[in-house]
Amino acid sequence: MIATTKGKLALAFLVSVAGGRAQTPTIQDLQNQLLQFEEASQKTIAELKAQIAALQQAQTPPNPASRSTSAPQTSEVAVVHTPKDYYGTETRTRQSAGENEDGAPRIDNEPLDPELLGFFHLPGTSTYMKFGGFVKTDLFYDLNYAGTYYGAYVPSSFPSSTTPHSENSTVSMRPTRFSWETRQGTLDNSGKEVKVYFEFDFLSNYDRNSIRLRQFYGQYENFLAGQAWSAFSDPDAFPDTLEFEGPPGMIAARFPQLRYTQPLNEHHSIGVSIEKSGTDVPFSTQFGVPIGTSKFPDLIGFYRYENKHGHIHAATLFRNVGGMVPNEEVLNLSRHTGAFGESLSGAWGLPFFKKDSLVFQLVFGKGISNYYNDNFGLGTDVGFSANGHLVATPTGSGQFGYTHNWTKVLRSSVSYGYLRINSPASDPGTTYRVSNYATANLIVQPNIRYLFGAEYIYGSLVRKDGFEWIAPRIQASVTYYINKYPRE
């Protein structure tokens, strides 16, 4: 059909040219020929467009945002379904400057945006893809030296002994993040799909802009495998801070894991996760430097309640913590002990206050310090009592955040966090004991794709020997988001 149309156009052109060569053309003859050629061309173009549209309509798969209600049927083209069943308005629409909620695993891979805005179809496949993340630049001014972790605020890196007070200022882009997500339907069109999520930032070490893997996981039928937010954490309940790290006692761990989630109904779900073990042992003992070991991976059971106003997340953690000291036998008689943790967190919208929101998390347990935002690698999961027995270190934390929306483009958040670790007798005096953390900010977001703002951060750390360090910070931030759209 297309070849026939092209032939008509060529024939009309040849006839007009031949007629022009038979005799010397006048200006009127040339104008008539041009008019005839334009009419033929427009008709041919219209025919070609109609044929292309018909072919595209025949080859285009069903709309990914529509959910099939008919019985499963086998198809040569898989359909990506986007359910909207288990997460309420508050969870879907609450946004934070850090976007930690975007990459969190969801029941049935339910997207926060059911329209899949920002996704594009990979031609010839059943795969939909999206690139996301943000470019973030922070300007810091520390009223007192705030530790060695460049680009973030980490109280555990504060000085541990008498140190001259000093102001400090710098600029960082290390929180900048990039994500890549794919969604691929199954050939039986059962309403299930495979989701793969990949995310990295530039905080891999203390002083360089090096790539760090944050998450890389796949999920199908609520079975998750890979590295993702720990089931003991709740990224939907992080406070809206410009400061990258957030409260030191917040559970913000991302571990390799195998997880299964079972929805009970539209409001309740339960699940279990098997996650990477890892014991933070003391840096040294009288017999040498210990090596952390565990007899089994960490086991986590969790429950979530969800409605349109917000959610509650509860989790229980069971661990085995301990280790060994190479080339000796004295401590091996008690080198492992049981550990546990409890976490209760949530986020709740307050519609009578211009859609304000409140987030919180409470944590307590023994031997769980490496799950805290500020503590992995500090040697505070276990220690030795005065009589030399291995013990899991008791600990607890609490944090909350409150966001008030002044206008559609202007909001403020305040947050507070408290963390306490009761170190065993044998831990050195410089061991982390108590920290306090507080923030207050003003954020302007004229458009969904960028924001800027300023924040005051207060942090203090008291070590086991009573040494205290306080380091206030003033921060200004600018963030440009990649491929971001409003969640309706």
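Reader: Why is Glu-99 called buried?

Author: In this predicted model, Glu-99 has a relative accessible area of 6%, and since buried means under 20%, Glu-99 counts as buried.

Reader: What makes Lys-484 buried or exposed?

Author: The relative accessibility of Lys-484 is 6%, and because the limit for buried is under 20%, Lys-484 is counted as buried.

Reader: How do you know that Lys-484 forms a salt bridge with Glu-99?

Author: The closest N and O atoms of Lys-484 and Glu-99 are 3.2 Å apart, and because a salt bridge needs a side-chain nitrogen of Lys or Arg within 4 Å of a carboxyl oxygen of Asp or Glu, the pair qualifies. The pair links distant parts of the chain, with Lys-484 in the segment after strand E22 (473-481) and Glu-99 in the loop between helix H3 (89-93) and strand E1 (120-121), 385 residues apart. In total, the structure holds 14 salt bridges.

Reader: What makes Arg-319 and Asp-298 a salt bridge?

Author: Their closest N and O atoms are 3.0 Å apart, and because the cut-off is within 4 Å, the contact between Arg-319 and Asp-298 counts as a salt bridge. Here too the pair links distant parts of the chain, Arg-319 being in strand E12 and Asp-298 in strand E11, 21 residues apart. Arg-319 is buried, and Asp-298 is buried as well.

Reader: How do you know that Glu-306 and Arg-304 meet in a salt bridge?

Author: From N to O the distance is 2.9 Å, and because the limit is within 4 Å, the side chains of Glu-306 and Arg-304 are said to meet in a salt bridge. Both of these residues are buried. Salt bridges that share partners join Arg-304 and Glu-306 with Arg-106 and Asp-236 into one network.

Reader: Which residues form a nonpolar patch on the surface?

Author: The patch is formed by Leu-258, Ile-274, Phe-296, Leu-299, Phe-318, Phe-340 and Phe-364, which together have about 640 Å² of accessible area.

Reader: What makes E9 and E11 a pair?

Author: E9 and strand E11 (residues 298-307) are joined in the antiparallel sense over eight bridges, and because at least two are required, E9 and E11 count as paired. The bridge partner of Ile-274 in E11 is Leu-299. Strand E8 (residues 254-263) also pairs with E9 in the antiparallel sense, over seven bridges, and a hairpin joins E8 to E9 through four residues.

Reader: Which residues lie on the covered face of strand E9, and which on the uncovered one?

Author: In E9 (residues 268-275), Ser-269, Gly-271, Ser-273 and Glu-275 are on the covered face, whereas His-268, Ile-270, Val-272 and Ile-274 are on the uncovered one.

Reader: Which residues have the most contacts inside the largest nonpolar core?

Author: They are Tyr-153, Phe-158, Phe-232, Ile-300 and Tyr-371, in a core of 25 residues. The elements that give two or more residues to this core are E11, strand E12 (310-324), strand E18 (410-421), strand E19 (432-447) and strand E20 (450-463). Apart from this core lies another, of seven residues, among them Val-281, Ala-339, Phe-384 and Leu-390.

Key. Residues numbered from 1 in each chain as written. Predicted model: local features only at pLDDT ≥ 70, side-chain atom pairs only at ≥ 80, totals over all residues. Heavy atoms only, no water. Patch = residues over 30% accessible without salt bridge, like charges linked within 9 Å, V, L, I, M, F, W, Y side chains within 5 Å. Areas by Shrake-Rupley, 256 points an atom, 1.4 Å probe, with all protein chains shown as cover. Buried < 20%, exposed > 50% of the residue type's maximum accessible area, 1.4 Å probe, protein only. Core = buried A, V, L, I, M, F, W, Y, C linked by side-chain atoms within 4.5 Å.
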